[in-house]
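Open the model in your viewer and keep the sequence panel at hand. Each stop below says what to select and what is there.

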Amino acid sequence: MKKLPLLIAFVCLIACQANEPTQQKQPGAIGKEAMVVSAHPIATRAGVEILRKGGNVFDAAVTIHFMLAVVYPRAGNIGGGGFAVIRTDNGDISCLDFREKAPLKAREKMYQDDNGEVIPMKSQLGHYAVGVPGSVAGVWELHKKYGTKDWGLLVQPAIDVAFDGFAITEDEAATLNEKQADFIAANHYKPWPINETGWIAGDLVIQKQLAATLSFIRDSGKDGFYTGIVADQLEKEMQRGGGLITKEDLATYEAKWRTPVVGYYKDHKVISMSPPSSGGTALLQMLQGAELNDLGAHPHNSTPAVHLMAEIERLAFADRARYLGDPDFVNVPLAALLSEEYNTPRFSNIDMSKATSSRDVLAGEIELVEANETTHYSIVDPFGNAIAITTTLNGNYGSKVLVEGAGFFLNNEMDDFSSKPGAPDMFGSITGKSNAIAPEKRMVSSMTPTIIEKDGKLKMVLGTPGGPTIITSVFQTIINVIDHNMTMQEAVSARKIHHQWQPDRILVEEGALTSRQLDDLKKMGHTIEMRDKIGRTDCILITDDHLEGGADYTRGDDFAEGF
């Protein structure tokens with residue numbers, strides 16, 4: 001009997017050791033020459049096949065983009081828009097804006113009633129919520145400038161899958177089932193997503209109307225979408241449902257090349273998307289705040305680290321709400337927002353003992369001269385080119401309108417404008433007068449496709465869906481790799497937190513913090529709300545001898561593959 005305490009102690013020791021975090025690194029998919037990470041295995045493999053056949057990242061992007069429109073219809077699209085950040089093999093950087101824009105008939109108060117109050121759901125559900133799509137123009141522009149393979153051959157894989165069908169995943173089935181009432185409300189006919197008996201994993205989805213639309217795009221490029229039969233179908237859909245988009249809106253849409261925003265974090269060069277995306281600007285501000293306050297010195301997701309991240313994010317989002325908008329319409333004080341002169345005092349007075357109330361946090365004073373519902377893919381090719389592309393319909397399946405006869409979903413991006421200055425959008429995010437609605441204006445976005453260099457060499461390709469949580473998820477993923485020495489897969493899979501100034505609370509992903517940490521943060525004055533998932537990052541890390549793809553398979557069906 002005297003041996004029993006010793007035995008119990010031994011068992012307890014083994015149990016305690018089993019519960020300790022493993023010290024062994026957990027890498028993602030490994031490739032020597034190339035890597036693709038996207039939200040769906042079919043799309044990733046289609047992109048890899050293009051690279052294996054000698055295509056570059058821009059060729060692969062065309063194939064992936066159209067394939068996601070077929071197999072990931074909640075966010076992959078031809079009826080939405082997005083942004084691309086590019087680094088070529090010789091180190092040249094650029095970015096492409098193919099964000100949706102307001103129709104010519106749009107007006108500033110179109111979502112307000114006679115009393116000036118925002119009409120619930122009018123900017124989110126149905127035809128009136130749709131902005132002019134930019135996706136097809138965007139990938140066409142990428143291919144026109146950088147592509148090497150025949151356009152038609154790059155679009156054909158998506159046509160084949162749309163025509164022959166594919167088996168949906170459990171995650172897609174659940175999301176389709178969740179939106180059944182919205183599909184019924186938004187459409188005057190019964191499109192394929194409506195299923196009275198409910199979708200289940202393995203159900204075959206065949207989209208012959210979408211295959212036909214993609215065939216027009218295959219044969220006529222951008223014009224196959226913005227003019228001709230598809231444009232007629234889209235305009236008729238708008239007329240049936242009271243939408244604003246006309247063939248003139250479509251015919252005049254152009255993707256725009258812009259200059260990326262560039263900053264530094266601990267000797268890493270950070271290249272991200274410029275306005276009308278707010279993502280790159282807010283990210284670079286947060287990284288400055290992190291370096292000023294030595295965020296990386298605190299253990300990952302420790303109470304001090306979470307408090308500090310929340311305070312940094314709160315300040316950056318307050319600036320986002322006041323200053324960010326379409327630079328073609330408003331004067332965005334970009335240089336000032338990214339300067340050390342502005343950000344050093346802005347982030348230097350964070351109190352580590354207690355939370356700041358967002359009611360007491362305003363945007364900083366600058367002298368002016370005058371939204372897991374998006375998708376991201378990262379690609380590196382054998383030639384050394386890299387691209388980060390984030391694209392969206394805004395909400396899952398956008399406006400829920402499926403264009404009759406054409407088979408594609410339309411966005412609800414008009415909700416990303418400020419329907420009324422100070423009123424929250426569907427993600428609870430607030431913007432002001434700089435993001436007011438105007439004809440042909442592009443709405444502010446949180447999309448943050450990002451590329452990082454170290455010592456002049458490609459280091460990371462990053463991005464994620466998630467509305468405003470996009471910015472903070474990319475921020476934390478960068479910190480995880482640089483400061484906490486995580487593999488890309490570990491950095492992607494790590495649980496995240498989020499603060500966006502208003503509403504004044506920290507969103508905490510399930511499993512991120514212990515109950516004691518949550519109590520400690522509440523005692524510091526933070527309001528906590530738990531979330532099932534935050535972000536869905538799909539990223540690539542480049543080392544001296546390989547590429548590592550971090551696919552967010554813990555939160556979705558995301559998949560990485562390299563060779």
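## Start with the cysteines

Select Cys-539: this residue is buried, with a relative accessible area of 0%. Keep in mind that you are looking at a predicted model.

A disulfide is a covalent bond between the sulfur atoms of two cysteines. The structure holds zero disulfides.

Select Leu-541 and look across to Glu-548 in E18, which stands opposite.

Next, select strand E1, residues 29-31. E1 also pairs with E18 in the antiparallel sense, over three bridges. Here Ile-30 has Glu-548 of E18 as its bridge partner.

Now colour E18 itself, residues 547-550. Are its faces covered or open? Both are covered. Leu-547 and Gly-549 are buried on one side, Glu-548 and Gly-550 on the other. In a regular strand the side chains alternate between the two faces of the sheet.

## A sheet of three strands

Move to E14, E15 and E16, which form an open sheet in that order with mixed pairing. Strand E14 (497-498) and strand E16 (528-531) are the edges, each pairing on one side only. Zoom in on E14 and strand E15 (residues 506-509): two bridges join them, and they run antiparallel. Select His-498 to find Leu-507 of E15 opposite.

## Helix H2

Select residues 41-52, helix H2. Its 12 residues reach 16 Å from first C-alpha to last, close to the 16 Å expected at 1.5 Å a residue.

Which residues of H2 are buried? They are Pro-41, Ala-43, Thr-44, Ala-46, Gly-47, Val-48, Ile-50 and Leu-51. An α-helix has 3.6 residues a turn, so residues three or four places apart point the same way.

Show what surrounds the helix. Then step past the end of H2 to Gly-54, where phi is positive, near 100 degrees.

## Aromatic rings

Show the side chains of Phe, Tyr and Trp. How many aromatic pairs does the structure hold? There are 12.

For one of them, select Tyr-397 and Phe-409: this pair is tilted, 5.3 Å centre to centre, with 50 degrees between the planes. Both residues lie in the loop between strand E11 (386-392) and strand E12 (450-454), 12 residues apart. Tyr-397 and Phe-409 are both buried.

Then select Phe-225, Tyr-226, Tyr-253 and Phe-408, which form one aromatic cluster.

## Last stop: lysines over rings

Select Lys-145 and Trp-257. Lys-145 lies over the face of Trp-257, at 4.2 Å from the ring centre. Finish with Lys-208, which lies over the face of Phe-163, at 5.0 Å from the ring centre.

Key: Residues numbered from 1 in each chain as written. Predicted model: local features only at pLDDT ≥ 70, side-chain atom pairs only at ≥ 80, totals over all residues. Heavy atoms only, no water. Phe/Tyr/Trp six-rings, centres within 6.5 Å; stacked < 30°, edge-to-face > 60°. Helix = DSSP H or I, 4+ residues; strand = E, 2+ residues; numbered from the N terminus. Buried < 20%, exposed > 50% of the residue type's maximum accessible area, 1.4 Å probe, protein only. Lys NZ or Arg CZ within 6 Å of the ring centre and 35° of its normal. Disulfide = S-S within 2.5 Å. Pairing = 2+ DSSP bridges. Expected span 1.5 Å × (residues − 1).
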